[in-house]
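Please read the following report alongside the sequence and the model.

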Amino acid sequence: MHLGPFFGAAKIKNITTFNVDKYAHERKKAGAAVSTVNRELATLRHMLNEFSEWGVVQTKHIKVKNKAGEIRRTKTFSPDQIRMMLKCAENDHDRYTYFFVLIGFQTSMRHGEILKIKFEHFDYDNGTLHIPEAKAGSRTVPVHESLIEIVREEQKRRGHETEYLFEADSKSGHRTYMKKQFQRVLEAAGLSNRGLTPHSMRHTAISILMRSQVSIADAQVISGHKSTQMLLRYTHHNNMSVARGVDA
């Protein structure tokens, strides 16, 4: 919506760092928040990097750097808020809401990853969940026995012919979003208008994981991050525990 009109039909080899900075300047001048501009720059940066990796065109001459001034807000749930969210989700009229909130807090999975879960992805005997499609590639993560038992019982209730946990009469065969249900639970828990989103469950779960002093390598396996740098961006209020892990 913004990158296309600005850069138009310009050849990538003719785009310069100056052009990128001018784009960011004009977007901010138009009233766009710094965080919004940085997301747009991240899109541009990813596209240019892919072109370079594919050998389509060399893009190393174009420096796409985030702009300073972005306010990073800490958006995580407290233990009491987690309990309230689970209670309200369990009472929601949509049966899938509870599964979504429970899995979000227990596994730190992303919104889209959760909704693509198939019953066959669970290994009930070994207590693991295979995630074949993820941002950083497929991974297999351990899950708590309580979640294993709940999912096993749900599969028995529906019958083994059911494929997706979040099945739906759609082209994909599963739900594609749960934002409305999540917002409904936030309101029931008295937590609306606080900037909390389904992704906040991921932040919360990873923060709890890091505070438990699990190794960064193990935390990275569970969270599915490509780099430890990204993992540490997801942690909140646990600088001391992270420092102890690094020292060890």
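## Terms and model

Helices (H or I, at least four residues) and strands (E, at least two) are DSSP runs, numbered from the N terminus. This is a predicted model, in which local features need pLDDT of at least 70 and side-chain atom pairs count only at pLDDT 80 or more, while totals for chains, interfaces and linings use all residues. Residues are numbered from 1 along each chain as its sequence is written, and side-chain values use heavy atoms, with hydrogens and water left out.

## Helix 7

Just after helix 7, Gly 159 takes a positive phi of about 105 degrees. In helix 7 itself, Leu 147, Ile 148, Val 151, Glu 154, Gln 155 and Arg 158 are buried, where buried means under 20% relative accessible area, exposed over 50%, and partly exposed in between (1.4 Å probe, protein chains only). Seen down the axis of helix 7, these buried residues fall within an arc of 130 degrees, so they line one face of the helix; the arc is that of the directions from the helix axis to the C-beta atoms.

On the other side of helix 7, Glu 145, Lys 156 and Arg 157 are exposed. The buried residues of helix 7 pack against helix 5 (95-107), strand 1 (122-123) and strand 2 (128-131), with contact meaning heavy atoms within 4.5 Å.

## The second largest pocket

Helix 9 gives the most to the lining of the second largest pocket, with four residues.
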